Amino acid sequence: MPICQNCGETWTWKQTLRAIFKWKCPHCHEKQYESASSRRKTGMFSLLPIILVPLIYLFDFSWWGIVFLFIVYMTIFFGAYPFVLKLSNEEEPFW
């Protein structure tokens, strides 16, 4: 779980999902940023749909199958995201 770099408090899973859109600590209300290493990890995970597209066409999935795969993917992504997220007090360069 992410830990605020300003106050040292650990965010819960629910607090993390809420804070994704505003990036403020729910405890001290200071601005937080996603670390560069965390962005690289989530960036790799976001490439998975690009890899799945050829498989979808290869196996000729129906629209319902594609919707089901998308829902499963998003559930796994948002379920795992708080465990991968690392925070920083300042915005770090990606490379």
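Author: Start with the surface. Accessible areas come from the Shrake-Rupley method with a 1.4 Å probe. This is a predicted model.

Reader: How much accessible surface does the protein have, and what share belongs to carbon and sulfur atoms?

Author: The total is about 6,900 Å². Carbon and sulfur atoms account for 68% of that area.

Reader: Which elements make up the protein, and in what order do they run?

Author: There are 4 helices and 2 strands. Read from the N terminus, the order is α-β-α-α-α-β. The radius of gyration is 16 Å, well over the 12 Å that the globule rule gives for 95 residues, so the protein is more spread out than a compact globule.

Reader: What does the C-alpha trace span along its principal axes?

Author: About 50 × 30 × 15 Å.

Reader: What percentage of the residues count as buried?

Author: The general idea first: buried means under 20% relative accessible area, and exposed means over 50%. In this protein, 24% of the 95 residues count as buried.

Reader: How do I read contacts along the sequence? What percentage join residues at least 24 apart?

Author: A contact means heavy atoms within 4.5 Å. Take the contacts between residues at least 6 apart in sequence. Of these, 64% join residues at least 24 apart.

Reader: Is I56 buried or exposed?

Author: I56 sits in helix α3. Its relative accessible area is 14%, so I56 is buried. Leaving aside residues up to four places away in sequence, I56 touches F61, I66 and L69. I56 and L69 are 13 residues apart along the chain, and their C-alpha atoms are separated by 9.6 Å.

Reader: Where are W23 and H29 found? Is W23 buried or exposed? Is H29 buried or exposed?

Author: W23 is in the loop between α1 and β1. H29 is found in the loop between α1 and β1 as well. W23 is buried, at 18% relative accessible area. H29 counts as exposed, at 55% relative accessibility.

Reader: What does E30 touch?

Author: E30 also has its place in the loop between α1 and β1. It is partly exposed, with a relative accessible area of 41%. Its contacts are N6, W23, K24 and C25, not counting residues up to four places away in sequence. For a distance, take W63, which is 33 residues from E30 along the chain. The C-alpha atoms of E30 and W63 are separated by 43 Å.

Reader: Last, charge. How many positive and negative side chains are there?

Author: Count Lys and Arg as positive, Asp and Glu as negative. The protein has 9 positive and 7 negative side chains. The centres of the two sets lie 5 Å apart.

Technical notes
Residues numbered from 1 in each chain as written. Predicted model: local features only at pLDDT ≥ 70, side-chain atom pairs only at ≥ 80, totals over all residues. Heavy atoms only, no water. Rg over C-alpha atoms; globule rule 2.2 N^0.38 Å. Buried < 20%, exposed > 50% of the residue type's maximum accessible area, 1.4 Å probe, protein only. Charge placed at Lys NZ, Arg CZ, Asp CG, Glu CD.
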